[in-house]
Structures are given as C-alpha cells and as structure tokens.
Amino acid sequence: MTTPRLPLVSERRRFEGFGKQALETGRNRLLVTAAVITIAFGGIGVRLVDLAVGGGEGNDRATLVTQPPALVSRADIVDRNGVVLASSLPTASLYADPSEIIDAQAAANKISTIFPDVDEAKLAKNLVKGGRFLWIKRNLSPEQQLAANRLGLPGFAFLKEERRIYPHGALSAHVLGATDIDGNGISGVERYFDQRLRQNEKPLALTIDVRVQSILRAELSAAVSEFKAIGAAGVVFDVRTGETVALASLPDFNPNDRASYKGKARFNRATKGVYEMGSTFKLFTAAMALDSGTINMKGGYDAAKPIRIARFTINDYHAQNRWLTVPEIIVHSSNIGAAKMAMDVGRAGQQDYLGKFGLMREAALELPEIGRPLLPGTWRDINTMTISYGHGIAVSPVQLAAAIGSLVNGGMLRPATLLRHEAGTPIAGEQVISPETSDKMRTLMRLVVAKGTGRKAAAKGYYVGGKTGTAEKQFGGRYKKSAKISSFVGAFPIHDPRYVVFAMVDEPIGNKRTFNYATGGWVAAPIVGRVVSQIGPLLGIEPLITGVEPLALPMIDDERRKQKISSGLVKNASVASGVVRPAGALKKPPSVPAETPKAPVRQKTKVELPPKDLKDETPEDQIARKTREALEQAFAAQ
Amino acid sequence: MKRSTLFLILMAAAVSVALFVVKYSVQDLDDQMRSLTRDIAETREGIHVLKSEWSHLNQPDRLRHLAGKYLEVGPLDAERVGSADRMLEGLAERKEQEVVDAETVIPKGKVKP
C-alpha cells in the first residue's frame, strides 16, 4: 500500500514549504463544485427527457380511450320500439355576477332586447342591488345563447344545465309523469324509476307502443268530445306477457308544461281511479261459477222476476222475464241471473276468485299513482249479489284489463307491467281458472259481440269478444241515473287472444246518433272496435277474412227454441226455451210453432246477420234490423 | 481527443434536434386528439338532441295528419295483412284462374283487346 504513493509523497514534500495547505483546499473545492454541477445538469437532463417523452403530465394517456362520460345526468325513457319518450337535453342558463357589472342600466337594456320576457326595469334594479349571483334566464335555446354571447357583456356568464323534454307532448303523459325544474321525478314513471334513471345512463324501455297509444288516445278523445264526457280511460294489455302496450287517461296534460295544468288533468283514471265497473263483472261471475262447477254452459237461472232482498230490488236493464241459460245471462246482461249465479258460488267462493283475479288488492303496475280497490266493509249476501254484476266493488281499469286477460288467455293471471319484457326471461303468472273455463269464457265474450250488447265492438277482420258495462256513479252514497261510467272490455282475436282492449267513458251524454243512449254498448264498444281494427294490422296480427265464426257459439234465445223445435226434440215452444217457466209466461198458444214454416225460418236465423253485414250497415239499415229483431222476438214470445 | 469532442458535440446536437422534433409532433398529436375528443362530445350531444327532435317529428298524430294531407295512402286495414302461406294460396288461385280464362277465351277465337 505504501509503495505506489511514494512519488506523491515526495511531491508533496517538495511543495510543503510553499503552502501545501492552500493547494489542498483549492483542489477539494474544485471537486465539490464539479460534482454539484454534474448532478444538477444530470437532473435537468433527466427532466428534459421526461418532459419531452411523457408530455409532463404523467402517464394518463391510456385513460382517454375509455368510455366518455355521460352526456346528461338522467337517462332517456323510450317506448317498446326505442322511440324517445323523455330525454334530458343539455342547455345553458344565463346568470349574472352583479358585482362585476359596470353599467347595470345599459346591461339590462341590452338583455331585454334579446329576451323580451325579461323586465328591463326590474333587472336593472336587481343588478344594482349587488350580490354575486343572479339568474337572468334558464334553459336557453342555442340561438338565444349565441345572441347573449354576442352582447359581450362583462359580468354575465352561462351555466350548463339540463332540461327534461317530452317529444310526444301529452301522448303518454300519465304514464311518464313529469320532473321538476331540477330534474327530480315528481310523478309517473319519472318518479317510480327516479333512482334508476339517475344511476344508469342506458335508456329505460317501457312496454308502451306510441302508435297504439296514439290510436287509443285519439279514439278516447273523440268519444269524450262526441258524448260531452268529463273524462275517459283506456288500456291495451298483452295477455301473454302482461305488458301494458297503451295506457291512456283523459283529460291529460303536457308534461313539458305541467305547471299550467291543474286538478283533474293530473289524475290518472286508468290506474289511480277506481270505479264500479258494472256488467263487465258478470264475466268474473260466470268464470267463477263455471270454474267451480256450480253450473255448466247448458244450465241457467230463472230471471223472470226481480230479486227482492233486504230493502233492495235487483232488476234487469234488458229484461227478458224468463228462464235464461248462462250464455243468455251474459248476452242479455241479466243482473238477476248473475246474482243467482253468484249466490250459488257463495260468498267465500266469490271472495276467493276475486282475490285470485287480483281485484282485491292494488295493481302491481310500476307507477306511484295506483288506486286501492274499494270493497264492502262487511260482505253480506246483498254484496255478493251486487258484486256479481259489478256494483259495490270498485277497481281500476288496469286491474280489470289484467283480470280479463286471465279469463281469455287460458287462465293465467299476468300482472300488468310497464317494463318491457326481455325475450327469453320467464313471465310471472298464476293459474287462476282452468283452460277449459277460459275457452268457455271466450265463447261467452264472443257471443256478446256477435249477438248481444257489444255488437258495435266488431272490427273488420278481427273477431272481438267482450262485455259491455254501464254503471251509475255514486254521489254521497246514492246512485245517479244521469251520471254513468260506460265501458267495454274486449279481447282479440277471440279464438287466440293476444290483447285485451279496455275503454271507459266517464259521464257520457247520449246524442241523436245513439238515440240518446249513453250505455257501454253505444259509447265504449265502438271505441274498442275502432281501436282493434287499427292496431290489429299494426301489431302484425293475422286477420281472419273468411267470414266464418272462429268459435262454435252456443244457440241463444229463439235460435235455441227454433232449433229444438225443428229437430223435433220438443213440441212446445215455451218448454223449449227453458225448463221451468213461471206461470205468467206459460200463456203461449201451442199452435204457433205449427203455423210457422220451420225449415226456412231456421235457415234464416242461422245465416242472419253474419258479422260482415253488421259492419257496413247504415244507420237506416240498423234501425230496420233492430225493428225486425224486435218484431221477431215479440213474435217468438207470443 | 479533439476529434472525439467534436463527435460528441455533433451527437448531442443531433439528439436534441430529434428530441425537439419528436416533442413537437407529440404535442401536435395531443392537440389533435383533444380537438377530436371535443368534436366527438359535441357530435354526441348533437345526436342526442336530434334523437329527441326525430321523435318529436315522428309523432303518430302528426304523421297521420301529414299523410292525410300529402299522400294517397291510408292506415293499413285487415284486408292487407296476411301470412306468406295465404299469399301463395292467392297466387295459385290466380294462376288457375288465368289458365281457365285462357282455355275459355282461345277456343272461341275471341281477340283480347
């Protein structure tokens, strides 16, 4: 170790005398300075490379490729085909910072020239008052924003906001509901799915079809104006999935401008309103009687005399005053027959079935506006009787539509829904009546349209089955004859039902065209007929144009009598139409059948009035036909 | 020694020129991307607004009114709806009818107009 250092040591020794100490210090200082400079430049170099290559902002480039942020804070609502029903549009709102404004009067003047609805004097006053924030105008259109920007006023600025718009206006107002100015749902789907609409930017798909909705609403509103009604409601219900394809309530409101509609216009009759539906309930009575086996299609009840129970009398509106079969009870809408049928089923049975049809609890539809059905406090025999024909129980239209759906679709109750059914997912449902009972119900419903009170619901190419309902409204516990709820519930195509169509008109007034009738058959049945004939082709349902009844309909009334007489089964007409007749009706001369030529008459009755003729008959034809029918009936009753 | 110093100086100059070129091109690309992203956002917003407008313009009531005013077509009725099978049946019937027509017309020697 010592050997290599020898020369150095000797050198040092040489300089020793000349101030070795100072030299050492100078050398050390040089070394330190060089090291510091090297480190500093090295650091600068590294940073230079880093800046040039990395852009100086770290490694955030990868994040830019990911999903761009949501445009708006609230998801769209679309119909079943993706048509936008509600959307949030980004808008700009103009505000001012009064402390930065130099000339308040001039600014107010300029602002009022581009926004005529802004009061110049008031604005100037507010601007002078000071503060840091003042709304000038919210939700500007792009043109307005441009104009405001062009003014170049200091102290004014824009704030990005959103505005909820409903491109279809009032069309499905009661389904969609509305939002307040800050974008919170306050009614309808907007409120029910408020959280969902905020959290998930994917559009919310409803079951509504705007085309069907538009047809339903147009027909309802035509009926409202024709019959000077105070309102109407309608439902189109898919019996296979429970989807509510259309749901309308009139009067309605424009959700773009909800504030200017008050009171009734905001009331959803189709889901929130509960009504005594009247005769449409006879279908439920028949279904429970047939399903529980208390009677079969050939059986019947004596409807000759009104029922007197407690202090009530049950009468028939279209009184036949004789023994009626089950199909006849439905076709002639006999209250007496329905009441007797229900009594045989019994109070407990009736409650059980009504519960299964979903008529005793609130509908499960996805809306905040759902009405609770009104049921009797104590359920006596009189309640069982009146409920059998739809009085003393009040349900909402959407409940009724779903329950009727279960009668025609093979007996499955599908709860009504507003959320589009995704293909492949199971559909909720509950077997409430047997498929055989459902078949019978379809026959009965078809019979009402083919031969009964629902003829006006007939639609070209589509065989409709249904039931009319006319109920008097209660005011303070008393029924008022002049205020009616006229309704019709139909299903089509009745041989393989796809949709239930319900229409209800509130307080219609009969007119000349309807011979002052304001019943379900005159007011609501034509709505359903027209709706069906329009939506059938739209929804791609294949019509039957052969003109042959798709269901084998049982004979009713004189058809039944004539058929039995001609086949020689019975000789006496009065016995033919029933089993036991009350004494008063047994006055028929036995000679009547003998003097009528049998075969031609039967032929005539069979081919008489196929549905094809019904549709294109003129009012005159109709009067003639009605007269003829009345005469025939009178003749038959002789 | 002088030569190697010269070489190093040249190298340093070349590297810094390359560095600046790369840096500016990266900056350009960055700007380009930023403006593209902004354009995309604007276009998306435009599409969003246009979708609502499209829906508004396609209100069924409005279309019905316009069709009634300018077109000679009406709403579809049941007679125009059917399955492919039924159409084929119809075609077959029509062909048969044509054959029958031809057989009845030609032997009589009549001339079609």
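How many residues does helix α16 of chain A have, and how far does α16(A) reach from its first C-alpha to its last? That was my opening question today, and I kept in mind that this is a predicted model.

**Entry 1: helix α16 of chain A**

I found α16(A) at residues 435-451, which gives 17 residues. From first C-alpha to last, the helix reaches 24 Å, close to the 24 Å expected at 1.5 Å a residue. Next I looked up its surroundings. I noted 14 of the 17 residues as buried, so α16(A) is largely enclosed by the rest of the structure. For that count, a residue is buried if 20 or more other C-beta atoms lie within 10 Å of its own.

**Entry 2: helix α18 of chain A**

I moved on to α18(A), residues 525-538. This helix has 14 residues and reaches 20 Å between its end C-alphas, close to the expected 20 Å. Is α18(A) mostly covered or mostly uncovered? My notes say mostly covered, with 13 of its 14 residues buried. I also checked what follows the helix: just after α18(A), Gly540(A) takes a positive phi of about 70°.

**Entry 3: the strands around β2 of chain A**

I then turned to strand β2(A), residues 84-96, and looked up its partners one by one. Strand β1(A), residues 77-78, pairs with β2(A) in the antiparallel sense over 2 bridges.

Which strand does β2(A) meet through 10 bridges? I found β4(A), residues 156-165, running antiparallel to β2(A). Within this pairing, I saw Ser93(A) standing opposite Leu159(A) in β4(A).

I also looked up β3(A), residues 134-140, which is joined to β2(A) by 4 bridges and runs antiparallel to it. One pair I wrote down is Tyr95(A) with its bridge partner Trp135(A) in β3(A).

**Entry 4: where chains A and B touch**

Last, I went to the contact between the chains. It takes 29 residues from chain B and 29 residues from chain A. On the side of chain B that touches chain A, α1(B) (2-57) and α2(B) (60-70) each supply at least two residues. Which of the elements gives the largest share of that side? I found that α1(B) does, with 17 residues. Finally I sorted the residues on the chain B side by kind: 12 are nonpolar, 8 polar and 9 charged.

How values were computed
Residues are numbered from 1 along each chain as its sequence is written. Chains are lettered from A and ligands numbered from 1 in the order in which they are written. This is a predicted model: local features need pLDDT of at least 70, side-chain atom pairs count only at pLDDT 80 or more; totals for chains, interfaces and linings use all residues. Two strands pair if DSSP finds at least two bridges between them. The expected span of a helix is 1.5 Å times one less than its number of residues. A residue is buried if 20 or more other C-beta atoms lie within 10 Å of its own, exposed if 12 or fewer, and partly exposed in between; C-beta atoms are placed from the backbone. Two residues are in contact if their C-beta atoms, placed from the backbone, lie within 7 Å. Ala, Val, Leu, Ile, Met, Phe, Trp, Tyr, Cys and Pro count as nonpolar, Asp, Glu, Lys and Arg as charged, and the others, Gly among them, as polar.
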